[in-house]
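User: I want to go through some of the terms used for this fold. Please tie each one to its value.

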Amino acid sequence: MTQTQPLSPRAFEQALRDKGAYYHIHHPYHIAMHNGQATREQIQGWVANRFYYQTSIPLKDAAIMANCPHPDVRRKWVQRILDHDGHGGGGDGGIEAWLRLGEAVGLKREALLSDDMVLPGVRFAGDPYFNSARRANWQEAACSSLTELFAPQIHQARLDTWPGHYQWIEAEGYDYFRSRLSQANRDVEHGLQLALEYCDSVEKQQRMLEILQFKLDILWSMLDAMSMAYELKRPPYHTVTTGSAWHKTRLV
């Protein structure tokens, strides 16, 4: 039956939360990491490729702010950029914390910063996220971040299970996950408020659910690419070369 009336705010929030069934925590690659079944290469590959996505987040948030005409929203949203980029006084941002995670799993900082390990499938999933934030209206771009609804669970799960499963990972590597527990909850509250206020019609609600699914598709597809490369041993061009022939720079 075609929906003719918008969902109530409570029902719409539940519809957004129901999308958690498709969150990448349910991907086999992530399940293996959670259960202690991932190899060192698989953990390192995930950290290196996810770093590319992490560096795109403040760029995405800056694009949202550039399109937003409301100072009160920008004043709140800028905190997300500071959360990742830090305040410039001591490497206190999420990007720096992720670099420490890379070092904790045995990767050199320079390797992460060079993007040499980033798979093309990860780039093709992550780059459209940034580009969509630049082109969409600011409300839609802001609400694409609502995968944060499900993020605190995933961060806590890593803190609960990884130290026991992967004793070779240095303890300071977990700082990023600890910091995001409170930050993600704060961001969820703000993002959800924006979504409930903006999506006041059937069309807007359906559009927002589709945008949230788009973001879920990005996160799932990134793990698909990592599964091919590090689990099935089928990285790009594996039939023609043993080297990493794919492009190594951000082109879009």
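Predicted model: local features only at pLDDT ≥ 70, side-chain atom pairs only at ≥ 80, totals over all residues.

User: Why are H4 and H10 called roughly antiparallel?

Analyst: Helix H4 (residues 71-85) and helix H10 (residues 175-198) pack at an angle of about 160°. Angles over 145 degrees count as roughly antiparallel. H4 and H10 are therefore roughly antiparallel to each other. Their axes lie 11 Å apart, and the crossing is left-handed.

User: What makes the contact between H4 and H10?

Analyst: On H4 they are Val73, Lys76, Trp77, Gln79, Arg80, Asp83 and His84. On H10 they are Tyr176, Arg180, Gln183, Arg186, Asp187, His190, Gly191, Gln193 and Leu194. By class, the contact holds four nonpolar, six polar and six charged residues. Gly counts as polar, so Gly191 of H10 falls in the polar group.

User: How many cavities of 30 Å³ or more does the search find?

Analyst: One, in a search of the whole structure. The largest cavity holds about 280 Å³ of space.

User: What makes up the lining of the largest cavity?

Analyst: It has 25 lining residues. Closest to the centre are Arg50, Tyr53, Ile57, Glu148 and Arg180. H3 (40-67), H4, H9 (151-165), H10 and H11 (202-231) each supply at least two lining residues. H3 gives the most, with six. The lining divides into 10 nonpolar, six polar and nine charged residues.

User: Which residue of the H10 side of the helix contact is Arg180?

Analyst: Arg180 is one of the H10 residues in contact with H4. Arg180 is also among the residues closest to the centre of the largest cavity.

Conventions: Residues numbered from 1 in each chain as written. Heavy atoms only, no water. Axes fitted to C-alpha atoms, helices over the stretch in contact; angles between N-to-C directions. Helix = DSSP H or I, 4+ residues; strand = E, 2+ residues; numbered from the N terminus. Parallel < 35°, antiparallel > 145°, perpendicular 65-115°, else oblique. Left-handed = near helix turned anticlockwise from the far one by under 90°. Contact = heavy atoms within 4.5 Å. 1 Å grid on protein atoms, 1.4 Å probe; cavity = no way out; pocket = protein on both sides within 12 Å on 5 of 7 lines; lining within 4 Å. Points joined across faces, edges and corners; volume = space filled by probe spheres on them.
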